[in-house]
Amino acid sequence: MGLDEQYGTKPDLENLPMYCIPFSFKDPFDTKDMRTTAAADARYDIDFPARDHVLVEQLREKGAIIYAKAVNTEYNGRARAASVGGRNEATMVLPSTLGYQRSSWSGNPSNSYDTTRAASLGSSSGSAVGVSANMAMCSLCEETSLSCRGPANHNAVALLLPHKAMISFLGGAIGSDIYYDRAGIHCRWIGDSAKVLDAMKDPETGYYDPRDMWTTVPRSSILEETYAEHVVEAAAEGSLRGVRIGVIRESMLKFPGVSADEPIVDAAVREIEEVLGEHLGATLVESVDPIWPDDPDIENMEPSYTDALVQLLPVI
């Protein structure tokens with residue numbers, strides 16, 4: 001109401017790019033006007049956090065409506081943590097080949113296109129379902145392994161998932177794993193996700209959060225301009241000619257006896273080669289793994305992904 005009274009039908013969109021856009025947030029993100037329980041049935045009073053998570057704070061300052069908390073797996077994916085009231089046993093398990101999400105505090109989210117089925121593997125399924133069902137325009141999710149990607153895939157929403165050191169998660173959130181947790185953005189269109197990423201950048205400190213040590217990593221991946229201006233709806237043929245794109249094969253391995261992975265991996269490989277390589281003209285460079293058959297038509301990474309990790313481990 002205060003914003004409407006001040007700006008009426010002509011808001012200051014340069015300073016308030018998220019004006020009146022309703023957001024939900026995976027429950028671990030601190031919101032100063034809503035309790036944060038990480039979905040557990042904990043015996044808390046209505047004890048709101050003292051301050052917003054830094055990303056929530058940025059969105060609030062940019063005019064967003066801090067609308068709701070999204071369902072997530074209890075204690076952010078760690079079911080073994082249980083709640084202070086004892087381990088929760090679901091009254092109903094929705095069928096799924098990918099597991100299901102159980103929250104003592106909020107129940108089980110269903111797929112937005114088939115409410116008899118689970119939303120997907122991934123503790124941020126409530127974020128994706130809420131966006132897919134138009135309950136919120138966008139939602140901040142969190143991923144430790146597959147928590148943002150799985151729900152985005154199975155509920156038809158766009159996901160922008162920056163690397164861990166780019167935007168904060170640890171600064172004001174209930175985490176699952178300090179080494180893997182990272183924040184992501186669910187929206188209906190990737191262009192909207194990019195606009196949200198731009199809006200979360202502080203004009204003075206950028207994406208740095210003094211409460212999150214990972215955001216002190218060198219900022220080579222942060223653009224001077226906006227990310228949204230690089231989103232295109234129809235890329236021209238050859239528009240990536242001269243651009244080298246690394247393909248991490250370690251994330252595409254097919255293991256003996258796991259037939260479910262095969263069509264997904266095959267489809268990804270085909271799209272990478274046909275769209276990125278042939279149509280858009282990018283130069284593909286692939287990592288080498290003993291389980292992955294080396295493609296003679298694609299250049300190998302030097303050093304390999306595994307070699308690079310070996311060099312990084314002593315630093316970490």
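The questions and answers below go through the disulfides, the nonpolar cores and a surface patch of a predicted model.

Residues are numbered from 1 along each chain as its sequence is written, and side-chain values use heavy atoms, leaving out hydrogens and water. Local features need pLDDT of at least 70 and side-chain atom pairs count only at pLDDT 80 or more, while totals for chains, interfaces and linings use all residues.

Visitor: How many disulfides does a search of the whole structure find?

Guide: A disulfide is a covalent bond between the sulfur atoms of two cysteines. Here a disulfide is taken as a pair of cysteine sulfur atoms within 2.5 Å. Cys-138 and Cys-187 meet this with sulfur atoms 2.1 Å apart, and Cys-141 and Cys-148 with 2.4 Å. The search of the whole structure finds two.

Visitor: How many residues apart are Cys-138 and Cys-187?

Guide: Helices (H or I, at least four residues) and strands (E, at least two) are DSSP runs, numbered from the N terminus. Cys-138 is in strand β3, residues 138–143, and Cys-187 is in strand β5. The pair links distant parts of the chain, and the separation is 49 residues.

Visitor: Is Cys-138 buried or exposed?

Guide: Buried means under 20% relative accessible area, exposed over 50%, and partly exposed in between (1.4 Å probe, protein chains only). The relative accessibility of Cys-138 is 2%, so Cys-138 counts as buried.

Visitor: Which residues have the most contacts inside the largest nonpolar core?

Guide: A nonpolar core is a set of buried Ala, Val, Leu, Ile, Met, Phe, Trp, Tyr and Cys residues joined through side-chain atoms within 4.5 Å. The largest has 27 residues. Elements giving two or more residues to this core include α2 (54–61) and α6 (190–199). Those with the most contacts inside the core are Leu-59, Val-196 and Met-200.

Visitor: How many residues are in the other core, with Met-252 and Val-269?

Guide: This core lies apart from the largest one. Ile-272 and Ile-298 are also among its members, and the count is nine residues.

Visitor: Why does Tyr-179 count as exposed?

Guide: Tyr-179 lies in the loop between β4 (158–160) and β5 (182–187). With Ile-178, Tyr-180 and Met-213, Tyr-179 makes a nonpolar surface patch of about 470 Å². Tyr-179 counts as exposed because its relative accessibility is 53%.

Terms used: Patches are made of residues with over 30% relative accessible area and no salt bridge: like charges are joined within 9 Å, nonpolar side chains (Val, Leu, Ile, Met, Phe, Trp, Tyr) within 5 Å. Accessible areas come from the Shrake-Rupley method with a 1.4 Å probe; for residues, only the protein chains shown count as cover. A salt bridge is a side-chain nitrogen of Lys or Arg within 4 Å of a carboxyl oxygen of Asp or Glu.
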